[in-house]
Amino acid sequence: MTSKTSFTNRLALVTGASRGIGRAVALALARQGAHVIITARTVGALEELDDEIRTLGGKTTLLTLDLCDGAKIDQLGPTLYQRWGKLDILIGNAGILGPLSPLNHVTEDAWKTVLDINLTANWRLIRTLDPLLKHSDAGRAVFTTSSGAASAKRAYWGPYGVSKAGLETLVKTYALEVESTPVRANLIDPGAIQTEMRAKAFPGEDPKTLPTSEDVAPLFLELAAPECTLNGRVVNFREWQNPKLKPKPKRSPPSSTRKTDASSA
Ligand SMILES: NC(=O)c1ccc[n+]([C@@H]2O[C@H](COP(=O)([O-])OP(=O)(O)OC[C@H]3O[C@@H](n4cnc5c(N)ncnc54)[C@H](OP(=O)(O)O)[C@@H]3O)[C@@H](O)[C@H]2O)c1
């Protein structure tokens, strides 16, 4: 994608658009001409974004949506189909951190809420919006992960890490299922970004040392563009910014020393 890629006449839905990364992505898509359905729970923040986009001459539809409300998510597909008949871009970005505590201190309610918002809601979004993405000439689904947390590198981040590991498997599975269609599905691992969530996780950190949501937004646009050919990938923001940071692919050992693991499922 170049900075000139146009999203004119493309319809996008962004979750978590009231602040942080989702807000910046919604704004960037609208700037490039997309009609953006902005969703979150905080009406005031969505109205402010709506005003900002309209001032720029962009188009939005504001939708208050609590991702814990499964029935309301399930209505999205039929509702959008009636009005637009298709969806070009789904940005499944909303997420919560949940408790940072030992697993034996996590309450059932907290566990369920993190899994509902970070994982189950994205499965529901895929389930209800997949037919609409398939009605687009180039449906694109982009989700926000945290690969460090998903790969169990952090003690006390249990619910969040499990939800993101599940999300990565969910989206990679969906990508395989749509491989033979024009739909493409990928994840972005933004790394540390200056947002409310990051400040909650690392209160002692100076936010000014981190990239902003506006810095990472162009990567979302790249994966949302019709020209994107990637599918089932996790794209790391810092490696995308600086390809030299990309880890070199590991070379397989010679076949005679390779072990087979019959226990892995
Ligand atoms: N910031 C980072 O360093 C970082 C790093 C790795 C991954 N991520 C991922 O990036 C994504 C965005 O995070 P962020 O840093 O931008 O966080 P943020 O500033 O806290 O924003 C989170 C967004 O999710 C929405 N949300 C939360 N609960 C919701 C619910 N029940 N229903 C609907 N919307 C809900 C919030 O809107 P309302 O409160 O208005 O509903 C808000 O718009 C998340 O998936 C996060 O896991 C962030």
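Analyst: Seven strands make an open, parallel sheet, ordered E3-E2-E1-E4-E5-E6-E7. Strands (E, at least two residues) and helices (H or I, at least four) are DSSP runs numbered from the N terminus; two strands pair if DSSP finds at least two bridges between them. This is a predicted model: local features need pLDDT of at least 70, side-chain atom pairs count only at pLDDT 80 or more, and totals for chains, interfaces and linings use all residues. Residues are numbered from 1 along each chain as its sequence is written.

User: Which are the edge strands?

Analyst: E3 (59–64) and E7 (234–236), each pairing on one side only. Neighbouring strands are turned by 20° on average, direction ignored. Axes are lines fitted to C-alpha atoms, for helices over the stretch in contact; angles run from 0 to 180 degrees between N-to-C directions.

User: What does H1 touch?

Analyst: H1 (residues 20–31) packs on the sheet against E1, E2, E3, E4 and E5, at about 165° to E1. Contact means C-beta atoms, placed from the backbone, within 7 Å.

User: Switching to H4. Where does H4 bend?

Analyst: At Leu129, by about 50°, with Pro131 following within four residues. The bend is the angle between axes fitted to the seven residues ending there and the seven starting there.

Definitions and conventions:
Two residues are in contact if their C-beta atoms, placed from the backbone, lie within 7 Å.
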